[in-house]
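Trainee: Hi! Could you walk me through this one, starting with its open spaces?
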Amino acid sequence: MKNFLRNISYTLILLAFATGLAFIFFHFVKDNSANIAFVYILALILIARWTTGYLYGILSSLFCVIFINGFFTYPFFEINFTMSGYPVTFVCMLIITITTSAMTTKLTRQDEMIAERERKLNDAEKERIRANLLRAISHDLRTPLTSIIGSSASYIENHDELDSGEKLELITTIHDDSIWLLNMVENLLSVTRIQEDSHKVSKEPEIVEEVVSEAIDRLRKRMPDASITVSAPNEMLMIPMDFLLIEQVLINLLENALVHSESAQPVELHITNDQAYVTFHVIDHGKGIDMSTLPDIFSGQYDSSLASDTKRGMGIGLSICRTIVQAHGGTITAHNHENGAEFAFSLPVL
């Protein structure tokens, strides 16, 4: 019923518009009905394009022929199909309508097939991301939870036998693993800010310097000894983003560089601007990334098989970084350089 009303509405509106335009032409140029015929032919093409099926176009063709004959051809306001040429006019308009309807029906079906294919691809991508996140979560959460349970059990069962140093070590382990779990929860909460259906985020223009400053301040609350150097263009950079999500990406990448590089040298954060994109480069001077893990480092599977430091795994953090950056319309990459590793992500300026 809804589709029927839509088709009828399109047909009546287009015929009414064409008729009004035809009367305007007729008022100024009575002797030339060719322009009026072209107006109705255009209306028929649009009707065939924006309605479904052939019925509306065929009925509109009949209406157009009758109106041209009755109102815009001498003798005016009198229907006379005995005049030469009118069967040909009707047949031509009918052929135009049917041909256009057939073409648009085929195009509509192709559009529907493409849309269905895109939907299936998007669903498959969402399922793949969900599966990777679940695998990373199951691994990254299990290790610190096991450590917390083991340390707390040791403290409870052997409380009287432990000296102050051993107690402090157990409490420190529990504290560090709890902080790691908190960071993990922050990452997961960040993903919930991304719209489920469109995989997009709500963006507002933000000053890059403020996002970087806030990310480093938050990171240093967790890692007071973190050594980070920042370089950026002299001009003020402002790009559309979700402030909290990009801040989370920077924290993840900087923390990974500080923890996994095993280097005493400062981590470098370089910001570059090529007019279309602003790129954030996180560079460390450490051991680099194992080449066997590099192709899948953003997949969320990094820790589950190859990471040596499972307690401080990178998998879920990097997977979430990629999800956030892609939701902003950007790209993220990782590669080794001569003296370490570099992670870089780019965000569009517009």
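Mentor: On a 1 Å grid over the protein atoms alone, a pocket is an open set of points where a 1.4 Å probe fits, with protein on both sides within 12 Å along at least five of seven lines, and lining residues have an atom within 4 Å of a point. A volume is the space filled by probe spheres set on the points, which are joined across faces, edges and corners. This is a predicted model: local features need pLDDT of at least 70, side-chain atom pairs count only at pLDDT 80 or more, and totals for chains, interfaces and linings use all residues. Residues are numbered from 1 along each chain as its sequence is written, and side-chain values use heavy atoms, leaving out hydrogens and water.

Trainee: How much space lies in the second largest pocket?
Mentor: About 340 Å³.

Trainee: Which residues lie nearest its centre?
Mentor: Ile 179, Asn 183, Arg 222, Met 223 and Glu 255, out of 14 lining residues.

Trainee: And which helix gives the largest share of that lining?
Mentor: H5, with 7 residues. Helices here are DSSP runs (H or I, at least four residues), numbered from the N terminus.

Trainee: New topic: is Thr 146 buried or exposed?
Mentor: Thr 146 counts as exposed because its relative accessibility is 51%. Exposed means over 50% relative accessible area, buried under 20% and partly exposed in between (1.4 Å probe, protein chains only).

Trainee: Where is Thr 146 found?
Mentor: In helix H4, residues 86–157. Its C-alpha atom is 9.6 Å from that of Asp 177, 31 residues away along the chain.

Note on methods. Helices (H or I, at least four residues) and strands (E, at least two) are DSSP runs, numbered from the N terminus.
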